[in-house]
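Please look through the sequence and the structure below.

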Amino acid sequence: MWTKTEDGSIVDEAGKVIFFSARRFVDDICLGDCCLICGARPGTKPFNDEHVIPDWMLRRYQLHARLLTVSNGQQFRYDRLTIPCCAECNSLMGRNIEMPMSELVRAGHTAFNDYAVNGGLLNIFVWLGLIFLKTHLKDRSYRWHRDARLGDERISDFHTWEDLHHIHSLVRSFYNGAHVEQAAVGSFLTMPMRTELMPERFDFIDLSEGQTLMLRLDDFAVFAVFNDSGGAMNWFNQKATLITGPIAELQAREIAAELAYLNLHLNPRPAFHTETDLFRQTFHIHATRPPAPEMAPFDLGVRGALLDRAVGGLPH
């Protein structure tokens, strides 16, 4: 039978963590060095760590020696971006998430969309959510100040870890069998990309403030907002219908900034909660949407800051 621990987590009779309470998530995953999936501590199981960007993507897009620019402008090699993960969970993610997603990306934009429409959207969100979550867990390794004399703060010191609890619960659904309500999944969009003048086949940006991610994958881009219950896309749909052809790299980043901007202005916001039945051993992730979602007064300064983050580093 499942039991509830003192901190509010749920574990099964073998000690497997079915649900991480917000407190345990912050202490063990965000501030600790436990496996991000099962919660095991180093030394209790073999660890081989997990790439922030999956290794198949590093190989496909020849990213190993290339540089990722983080939020304070510093650059780090893609192949050195890893976080703690046990070997067992790493293999499980490879089989259940990364292998199917690699095959789907190779199949192209139409196949990717068809898969999302025909019941695969949660699997895509788990994959994208893992990339987003791992990116921000890795922020613990980066100094905020390039000059160490200015202080030892880390980029992660400016995160509110509890804001990532819903994503962590969602991405673990492949591991614990949680039922995820459709409303608990966020906004999703794909767009074809122009390729004739763009030698690059990969691009990646995450806008942590608006919990928004964009990946360029060959001839299409995929966008996700993780904590809006689809609200940002509801507002963006009117603009999306005006886009009638493939978009350029700059446009893809502008769309990511716009989705993040809309998400930040949802008012009231959706609420996420979990429901567990200890006797029946069931776990559900729900969302409560406002009956008539509106927008808070728009702050153009926020929009400008997001656009600067999204496109400021691109070559002109």
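The largest cavity holds about 40 Å³ of space. The structure is a predicted model, and a search of the whole of it finds one cavity of 30 Å³ or more. The lining of the largest cavity is made up of Ile18, Phe19, Phe20, His165, His168, Ser169, Arg172, Asn176 and Phe283. Two elements, strand E3 (17-19) and helix H5 (165-171), each supply at least two residues of this lining. H5 gives the largest share, three residues. By class, the lining of the largest cavity has four nonpolar, four polar and one charged residues.

The lining of the second largest pocket divides into five nonpolar, nine polar and four charged residues.

Helix packing comes next. Two packed helices are described by the angle between their axes and the distance between the axes. For helix H3 (residues 87-107) and helix H4 (residues 109-138), the axes come within 10 Å and cross at roughly 135°. H3 and H4 are therefore oblique to each other. The crossing in which H3 passes H4 is left-handed. On the H3 side the contact is made by Met93, Ile97, Glu98, Met101, Leu104, Val105 and Ala107, and on the H4 side by Ala111, Phe112, Tyr115, Asn123, Ile124, Val126, Trp127 and Leu130. The residues of this contact of H3 with H4 comprise 13 nonpolar, one polar and one charged.

The crossing of H7 with H8 is right-handed. H7 brings Ala232, Met233, Trp235, Phe236 and Lys239 to the contact, where they meet Ile255, Glu258, Leu259, Leu262 and Asn263 of H8. Seven nonpolar, one polar and two charged residues form the contact of H7 with H8.

H8 also packs with helix H9 (residues 300-311), at an angle of about 145° and with the axes 9 Å apart. The crossing of H8 and H9 is right-handed. From H8, the residues Leu250, Arg253, Glu254, Ala257, Glu258, Ala260, Tyr261 and Leu264 meet Leu300, Val302, Arg303, Leu306, Leu307, Ala310 and Val311 of H9. The contact of H8 with H9 contains 11 nonpolar, no polar and four charged residues. Glu258 of H8 takes part in the contact with H7 and in the contact with H9.

Two points of backbone geometry remain. Most residues other than glycine have a negative phi, and most peptide bonds are trans. Asp49 has a positive phi, near 65°, and is a residue other than glycine. Asp49 lies in the loop between helix H1 (22-30) and strand E4 (50-51). Asn267 and Pro268 are joined by a cis peptide bond, with omega about -5°. Pro268 is located in the loop between strand E13 (266-267) and strand E14 (271-277).

Definitions and conventions: Residues are numbered from 1 along each chain as its sequence is written. This is a predicted model: local features need pLDDT of at least 70, side-chain atom pairs count only at pLDDT 80 or more; totals for chains, interfaces and linings use all residues. Side-chain values use heavy atoms; hydrogens and water are left out. A crossing is left-handed if the near helix is turned anticlockwise from the far one by less than a right angle, and right-handed if clockwise. Helices (H or I, at least four residues) and strands (E, at least two) are DSSP runs, numbered from the N terminus. Contact means heavy atoms within 4.5 Å. Ala, Val, Leu, Ile, Met, Phe, Trp, Tyr, Cys and Pro count as nonpolar, Asp, Glu, Lys and Arg as charged, and the others, Gly among them, as polar. Axes are lines fitted to C-alpha atoms, for helices over the stretch in contact, and angles run from 0 to 180 degrees between N-to-C directions. On a 1 Å grid over the protein atoms alone, a cavity is a set of points where a 1.4 Å probe fits but cannot get out, and a pocket is an open set with protein on both sides within 12 Å along at least five of seven lines; lining residues have an atom within 4 Å of a point. Grid points are joined across faces, edges and corners, and a volume is the space filled by probe spheres set on the points. Angles under 35 degrees count as roughly parallel, over 145 as roughly antiparallel, 65 to 115 as roughly perpendicular and the rest as oblique.
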